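Q: I have a model open and would like to learn how to read it piece by piece. Can we go through it together?

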Amino acid sequence: MFELNDVVCFRETHKWVGCLGFVNEIKTVKDMQGNDTLRLMIGVPCPQKGVAYIFCSPEDVENMNAKYPYEIKSEEDEE
């Protein structure tokens, strides 16, 4: 199971394979058959650029059993 700020690594099935990121948001959505499934918003820190946010399924990432130690603030939060 995933929690906010869990550090994750993208698996071979995803185009961001090998990148480390953190769980920023967890959503429950319906799949094609109408079953509830999770969608994760993963934040990937990019040096000197900010944070890239990618939506993926739990099968696309592996939980590294660590917590992201920093709080991410947007420019709107600073105002």
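Predicted model: local features only at pLDDT ≥ 70, side-chain atom pairs only at ≥ 80, totals over all residues.

Q: What percentage of the residues in the protein chain is buried?

A: Of the 79 residues, 29% are buried.

Q: Now the fold. How many helices and strands does the protein chain have, and what pattern do they follow?

A: You'll find one helix and five strands. Walk along the sequence and the pattern reads β-β-β-β-β-α.

Q: What share of the contacts comes from residues 24 or more positions apart?

A: Take the contacts with a separation of 6 or more: residues 24 or more positions apart account for 40% of them.

Q: Which residues make up the largest nonpolar core?

A: Here you look for buried nonpolar residues joined through their side chains. In this model the largest such core has ten residues: Phe 2, Val 8, Phe 10, Val 23, Leu 40, Ile 42, Val 44, Ile 54, Cys 56 and Val 61.

Q: Let me pick one core member. What does Phe 2 touch, beyond residues up to four places away in sequence?

A: Phe 2 touches Val 8, Val 23, Ile 26, Leu 40, Pro 58, Val 61 and Asn 63.

Q: How do I read aromatic pairs, and how many does the structure hold?

A: A pair of aromatic rings is described by the distance of the centres and the angle of the planes. This structure holds two aromatic pairs. In one, Phe 10 and Trp 16 sit 6.5 Å apart, centre to centre, with 45° between the planes, and the pair is tilted. Phe 10 is buried at a relative accessible area of 2%, while Trp 16 is partly exposed at 26%.

Q: Why is the pair of Phe 22 and Tyr 68 called stacked?

A: Planes under 30 degrees apart count as stacked. The planes of Phe 22 and Tyr 68 are at 15°, with ring centres 4.2 Å apart, so this pair qualifies. The pair also links distant parts of the chain, 46 residues apart: Phe 22 is in strand S2 (residues 20–30), and Tyr 68 is in the loop between strand S5 (61–67) and helix H1 (75–78). Phe 22 is buried, with a relative accessible area of 1%.

Q: On to the cysteines. How many disulfides are there, and how far is the sulfur of Cys 9 from the closest cysteine sulfur?

A: A disulfide needs two cysteine sulfur atoms within 2.5 Å. The count here is zero. The closest cysteine sulfur to that of Cys 9 belongs to Cys 19 and is 7.8 Å away, so the two are too far apart for a bond. As for cover, Cys 9 counts as buried at 18% relative accessibility, and Cys 56 counts as buried at 1%.

Q: Where is Asn 63, and which polar contact does its side chain make with another side chain?

A: Asn 63 sits in strand S5. Its side chain makes a polar contact with the side chain of Asp 6, at 3.2 Å. A polar atom of the Asn 63 side chain also lies 2.9 Å from the backbone nitrogen of Asn 65. Leaving aside neighbours within four places in sequence, Asn 63 is in contact with Met 1, Phe 2, Asp 6, Val 7 and Val 8.

Q: What is the phi of Asn 65, and is that residue buried or exposed?

A: Asn 65 has a positive phi of about 55°, although it is not a glycine. It is found in strand S5 and is exposed, with a relative accessible area of 71%. Gln 48 is also worth a look: its phi is positive, about 60°, and it is not a glycine either. Gln 48 lies in the loop between S3 and S4 and counts as exposed at 83% relative accessibility.

Q: Where does Gly 18 lie, and what is it in contact with, neighbours within four places aside?

A: Gly 18 lies in the loop between S1 and S2, and is in contact with Cys 9 and Phe 10. Gly 18 is partly exposed, with a relative accessible area of 48%. Gly 18 and Val 61 are 43 residues apart in sequence, and their C-alpha atoms are 9.4 Å apart in space.

Notes
Residues numbered from 1 in each chain as written. Heavy atoms only, no water. Phe/Tyr/Trp six-rings, centres within 6.5 Å; stacked < 30°, edge-to-face > 60°. Buried < 20%, exposed > 50% of the residue type's maximum accessible area, 1.4 Å probe, protein only. Helix = DSSP H or I, 4+ residues; strand = E, 2+ residues; numbered from the N terminus. Polar contact = N/O pair within 3.5 Å; in protein donor to acceptor, adjacent residues only side chain to side chain. Contact = heavy atoms within 4.5 Å. Core = buried A, V, L, I, M, F, W, Y, C linked by side-chain atoms within 4.5 Å.
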